[in-house]
Structure formats: C-alpha cells, structure tokens
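Good morning, and thank you for coming.

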Amino acid sequence: FVHLHVHTEYSMLDGAARLPDLFAEAERQGMPAIAMTDHGNLYGAYEFYKGAKSHGLNPIIGLEGYYAPQGRFERRPFDFGGGFDEGTPEDTGAGRGKQSYTHMTLWAENTPGMHNLFRLSSLASLEGYYFKPRFDRELLERYGKGLIGTTGCPSGEVNRWLQAGNYDKARAAAADYRDILGPDNYFCELMDHGLPIERRFRDDLLRIARDLQLPLIATNDLHYVNATDADTHDVLLCIGTRTTMDDPKRFRFDARDFYVKTAEEMRRVWAELPEACDNTLLIAERCHVEFHEGANLMPQFPVPAGESEESWLIKEVEVGLHKRFGEVIPDNVRKQAEYEVGVICQMGFPGYFLVTADLVRYAKENGIRVGPGRGSAAGAMIAYALGITELDPIKHGLLFERFLNPERVSMPDIDMDFDERR
C-alpha cells in the first residue's frame with residue numbers, strides 16, 4: 001500500500017505531518033513511495049522530492065486542489081441543490097448546498113505533468129482566488145496532460161452531488177473529468193475514517209465507478225504521522241479557525257484515523273475491495289518526476305536577429321559608455337568594462353543584466369520613479385553604463401568583486417527600488 005492523499009506541514013494550519021517524520025515512518029513501514037497532496041499549493045514540492053529520495057521513497061507530487069464548478073472567475077457560490085447533512089473538512093461555509101469550491105485530488109505522472117500542475121496551481125491563485133486558490137474546467141483542460149485525478153474526498157464535486165441527492169449529476173461530473181484526463185487517468189477515490197458521510201454514499205460512488213469503468217483507489221486522508229498526533233492536530237485546527245478547545249461548536253475532525261496507517265490496516269479496511277489498495281501501487285509505479293537541478297533558469301532576453309545575449313550586451317555597454325563618458329572613453333574605464341563583461345559572459349549572466357537594464361529603462365521612459373541602485377551592484381561599471389545605477393564606481397573607488405567574484409560563482413543580486421504605486 002502507498003499513501004496517496006497526504007497533507008504535510010505545507011497545508012497551513014491543517015496539515016501536521018512534518019516531512020522528516022513522514023518519510024521516516026513510511027520508510028519504517030517499508031512503503032516504496034509516498035505522495036504529497038497539500039491544500040491548494042505546491043510550495044513544498046522540491047523539499048518533499050529531495051526528502052523522499054533521501055529515504056529511498058518514490059516522491060509522488062500532487063495537489064488537493066480547489067475546483068470551481070461555476071468557473072474560476074465567478075464569485076457567487078455554486079448551488080448543488082439539497083443541503084448537506086454534515087460539514088466536511090474545508091467546508092466553505094457558503095450555506096447548505098452552496099459551495100464556492102469543491103475538492104479534487106491530482107497527481108503528476110511525469111515531469112511535464114508536474115510542470116502542468118505548477119501552472120494550474122499558479123493560475124488558481126492568480127486568477128481564481130476566492131476564499132481559496134481555485135481552478136476550473138478550462139484550466140484542467142489546458143494543463144491536464146500528464147495528470148492523474150480522482151473523485152476526491154467527501155468535499156469533491158461527485159460526492160457533493162451525491163450528498164445533494166442527484167445521482168445523475170454526480171455521474172455526469174465524473175464522466176466529464178474522465179473525458180478531460182483520459183479513462184486510465186481518473187480514479188474513484190474511496191475513504192473510510194469511520195465517518196457516516198463517507199459510508200452513506202459509498203454504494204452510489206461504487207455504482208458510478210461501475211457505470212463509467214473507473215478504477216478504484218483507497219486513500220487515508222492523512223493529516224498527521226502518528227495516531228497520537230490527533231490532539232496536536234486538533235490544536236492546529238483551533239488556531240486556524242480562531243477557536244479554542246473548549247468550544248463545543250468548533251470545527252474538528254470527527255475521527256482520529258488521519259495518520260500513516262500500515263498496509264495491513266488499510267487492507268483490513270478494504271478487504272472487500274482489495275483492488276483499491278492494489279491500485280495505490282499501480283499509481284506509485286506510474287508516477288515518476290524529476291527536478292532538473294543546476295539548470296540555467298536565467299530569463300532569455302529577446303535580442304535582434306544575428307545577435308546573441310553576449311554580443312548584444314557588449315554593444316549595449318559600448319553605447320552606454322559613450323553616453324556616460326562622451327566620444328572618448330578613458331582607458332581605465334574601457335579596461336574595467338571589458339573585464340566585467342568577460343566575467344559576466346563566462347558566468348552565464350548576460351541575460352540578467354539585459355533584463356534588469358530593460359526594467360529600469362522602461363520605468364524611466366514611463367515616468368515611474370526608480371532608485372539609483374544600491375548595494376554591491378554600484379561597484380559594477382557595466383551597471384553604470386547600462387543605466388541600472390547612477391554612480392561611477394571608479395571615481396568612488398568601488399570594487400566589482402564585491403558584486404561578482406569570478407572565483408566564487410553566485411547569482412548576481414541588484415537591489416532596485418521602484419515606486420510602489422506603479
């Protein structure tokens with residue numbers, strides 16, 4: 001068995017599974033892989049990837065995303081019709097039967113899929129944020145390649161329709177997701193933490209799976225590592241909802257089963273549906289992602305045809321030196337500029353300077369107040385020539401090596417101030 005529905009410490013004030021403890025427990029239990037599916041974000045993806053690898057685990061990068069059935073730009077709650085008998089974790093509080101979002105579990109099958117998941121998550125924050133970062137059908141269609149999805153927890157759209165008493169709409173929603181992601185990439189997610197809401201609609205959920213030929217997947221909605229962590233997690237929820245442990249009406253999980261259960265425990269729960277546990281291993285075998293460490297992530301500056309970033313930087317610096325010093329450029333200035341350009345090209349940073357100069361130039365041309373530059377970048381003659389800074393470093397005895405040292409490769413760091421109003 002592999003845990004595929006996991007809320008780490010990156011599910012802020014809801015997930016209490018700290019990464020080192022999570023990996024140690026999964027390794028202790030002999031599990032081959034583990035997933036992360038934090039609420040609405042992927043901020044922990046790289047740390048999770050590195051940590052899982054160090055423990056000999058296959059890291060499955062996923063997301064429990066917030067899906068807006070009404071579209072990510074719509075702010076009015078979506079009305080499912082009949083009211084829901086019980087609240088579930090992450091209820092929007094929009095009113096009985098009305099929700100501003102539902103939940104959807106997604107995993108990246110491969111590296112391009114992980115990049116698509118990053119894009120989907122980013123746009124959910126930038127364009128769909130309303131209570132939570134929300135994505136919609138259009139984003140799922142655009143970035144669904146390389147992703148595996150499920151019907152989700154009791155707060156998923158398919159489950160919400162079942163809770164509202166509308167089987168046909170639930171089936172239609174599941175069919176739609178299956179068509180978007182592909183028949184082999186959409187699973188019927190089953191949970192059992194002893195909660196009535198999970199068991200009451202299970203028969204209908206299994207009926208949908210049979211009707212649409214959806215493979216089953218068993219998950220434990222993992223929010224902490226050990227069973228003894230339930231009380232700590234309870235305190236965390238109180239902080240997140242600004243209530244106290246003494247409040248009888250506070251939001252809480254009505255079970256204490258949200259921990260890293262063993263394979264034996266999970267297979268005992270799903271003894272009648274063993275394929276639901278088998279398929280967790282199938283997902284673990286399918287999902288493999290890589291972070292390309294050491295890649296050059298410098299922005300590519302668009303240069304004229306026939307030019308490279310290096311050749312264009314040299315020409316831009318030459319033009320800038322004449323603007324600063326006139327027709328005849330002093331020998332010591334030219335020597336320093338040529339030395340700096342050589343270091344920058346050798347370190348692979350010409351695009352960085354062209355982009356920064358472009359930002360400053362745009363600000364000045366459009367009446368946006370911009371500072372004269374500060375910090376060690378003021379020691380660079382080419383920054384002065386490109387108009388990034390307003391200080392002659394030779395005249396003031398400033399050192400370029402304080403800014404960039406060819407013997408110690410590090411990213412350039414130019415401190416610029418722009419008017420916050422624009």
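Does asparagine 159 count as buried or exposed? At 8% relative accessibility, asparagine 159 counts as buried; buried means under 20% relative accessible area, exposed means over 50%, and partly exposed is in between, with a 1.4 Å probe and protein chains only.

Before going further, a word on the source. This is a predicted model, in which local features need pLDDT of at least 70 and side-chain atom pairs count only at pLDDT 80 or more, while totals for chains, interfaces and linings use all residues. Residues are numbered from 1 along each chain as its sequence is written, and side-chain values use heavy atoms, with hydrogens and water left out.

To return to our residue, asparagine 159 is placed in helix α5, residues 157-163. Helices here are DSSP runs of H or I with at least four residues, strands are runs of E with at least two, and both are numbered from the N terminus. If neighbours within four places in sequence are set aside, asparagine 159 is in contact with Thr151, Gly152, Cys153, Pro154 and Leu205, where contact means heavy atoms within 4.5 Å.

Let me now turn to the whole chain. The protein chain has 15 helices and nine strands. Its C-alpha atoms fill a box of roughly 85 × 50 × 45 Å, taken along the principal axes. Of the 422 residues in the protein chain, 51% are buried. Among contacts between residues at least 6 apart in sequence, 74% join residues at least 24 apart.

Serine 100 is a further buried residue, at 1% relative accessibility. Serine 100 sits in the loop between β4 (98-99) and β5 (102-108).

Next, the helix pairs. Two packed helices are described by the angle between their axes and the distance between the axes. Axes are lines fitted to C-alpha atoms, for helices over the stretch in contact, and angles run from 0 to 180 degrees between N-to-C directions.

How do helix α6 (residues 167-181) and helix α8 (residues 202-212) cross? Their axes come within 10 Å and cross at roughly 50 degrees. The two helices are therefore oblique to each other; angles under 35 degrees count as roughly parallel, over 145 as roughly antiparallel, 65 to 115 as roughly perpendicular, and the rest as oblique. The crossing of α6 and α8 is right-handed: a crossing is right-handed if the near helix is turned clockwise from the far one by less than a right angle, and left-handed if anticlockwise. On the α6 side, the contact is made by Tyr167, Ala170, Arg171, Ala174, Ala175 and Arg178, and on the α8 side by Asp204, Arg207, Ile208, Asp211 and Leu212. These residues divide into six nonpolar, no polar and five charged. Here Ala, Val, Leu, Ile, Met, Phe, Trp, Tyr, Cys and Pro count as nonpolar, Asp, Glu, Lys and Arg as charged, and the others, Gly among them, as polar.

The second pair is helix α12 (residues 309-325) with helix α14 (residues 350-365), whose axes come within 9 Å and cross at roughly 50 degrees. That makes α12 oblique to α14. The crossing is left-handed. Glu309, Glu310, Trp312, Leu313 and Glu316 of α12 meet Pro350, Gly351, Phe353, Leu354 and Arg361 of α14. By class, this contact has five nonpolar, one polar and four charged residues.

Rings of Phe, Tyr and Trp (its six-membered ring) pair if their centres lie within 6.5 Å; planes under 30 degrees apart count as stacked, over 60 as edge-to-face and the rest as tilted. By this rule the count comes to 19 aromatic pairs. One of them, tyrosine 46 with phenylalanine 291, is edge-to-face, with 5.2 Å centre to centre and 70 degrees between the planes. This pair links distant parts of the chain, 245 residues apart: tyrosine 46 is in helix α2 (residues 45-54), and phenylalanine 291 is in the loop between α11 (274-286) and α12. Tyrosine 46 is partly exposed, with a relative accessible area of 39%, whereas phenylalanine 291 is buried, at 19%.

I close with the backbone. Most residues other than glycine have a negative phi. Glutamine 213, which is not a glycine, has a positive phi of about 55 degrees. Glutamine 213 lies in the loop between α8 and β9 (216-218) and counts as exposed, at 70% relative accessibility.
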